[in-house]
Amino acid sequence: MSDTTPPPRICATPEAQDWILRLRAQHGPLMFHQSGGCCDGSAPMCFVAGEFRVGGQDVLLGTLVGDTPVWIGAAQFEYWRHTQVTIDVVPGRGSGMSLEAPEGVRFVIRSRVFTDAENAALEAAGEPPRGDAAVP
């Protein structure tokens, strides 16, 4: 990546990618939403595409394997805008409505702070899309 190419705001570990593909084969197209909150409210939630209504204040972080969009609430994005978010999967069951819950695993967030050069590239690229008009 050159200093002018913005880095992805969203990534997934190989294990999470495998689970996304598995869930996609079982349920069809998927989407993620990351909201603020505590406990499981801070976990990325995986839904069948369109099952969660994206609002005008939601920010599209990008897409993962299988063109799976990942959305984040605007307030949470303001906290994390300087952070690359990586979706991972771990054993255990969360208490949310996320599609992976019955499978005995749960998606979690890992993150790292962007470098100064990456932040500059992201700023030059402009703000990410917001709202349901940006649904890929």
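Colleague: Which ring does the charged end of R22 sit over, and how far is that charged end from the ring's centre?

Modeller: It's the ring of W19, and the charged end of R22 is 3.9 Å from its centre. Keep in mind that this is a predicted model. W19 belongs to helix α1, where it is buried along with A16, I20 and L23. Those four cover an arc of only 105° around the axis, which puts them on the same side of α1. Turn to the other side of the helix and you find P14, D18 and A25, which are exposed.

Moving on along the chain, we get to strand β2, residues 30-34, which holds F32. F32 is buried, at a relative accessible area of 0%. Its ring pairs with that of F107 in an edge-to-face arrangement, 5.0 Å centre to centre and with 75° between the planes. Since F107 lies in strand β7 (residues 105-113), the pair ties together parts that are 75 residues apart in sequence. F107 counts as buried too, with a relative accessibility of 1%.

There are 2 aromatic pairs in the count. F47 and F52 make a stacked one, with centres 5.3 Å apart and 20° between the planes. F47 is buried at 7% relative accessibility, whereas F52, at 27%, is partly exposed.

Back to β2 and its sheet. This is an open sheet of 4 strands with mixed pairing, in the order β3-β2-β5-β4. At the edges stand β3 (45-48) and β4 (59-64); each has a single partner strand, so one side of each is left without a neighbour in the sheet. On average, neighbouring strands here are turned by 25° against each other, ignoring direction. Between β2 and β5 (residues 68-72) the run is parallel, and 3 bridges join them. As for Q34, its bridge partner in β5 is I72.

How values were computed. Residues numbered from 1 in each chain as written. Predicted model: local features only at pLDDT ≥ 70, side-chain atom pairs only at ≥ 80, totals over all residues. Heavy atoms only, no water. Buried < 20%, exposed > 50% of the residue type's maximum accessible area, 1.4 Å probe, protein only. Helix = DSSP H or I, 4+ residues; strand = E, 2+ residues; numbered from the N terminus. Arc of directions from axis to C-beta. Phe/Tyr/Trp six-rings, centres within 6.5 Å; stacked < 30°, edge-to-face > 60°. Lys NZ or Arg CZ within 6 Å of the ring centre and 35° of its normal. Pairing = 2+ DSSP bridges. Axes fitted to C-alpha atoms, helices over the stretch in contact; angles between N-to-C directions.
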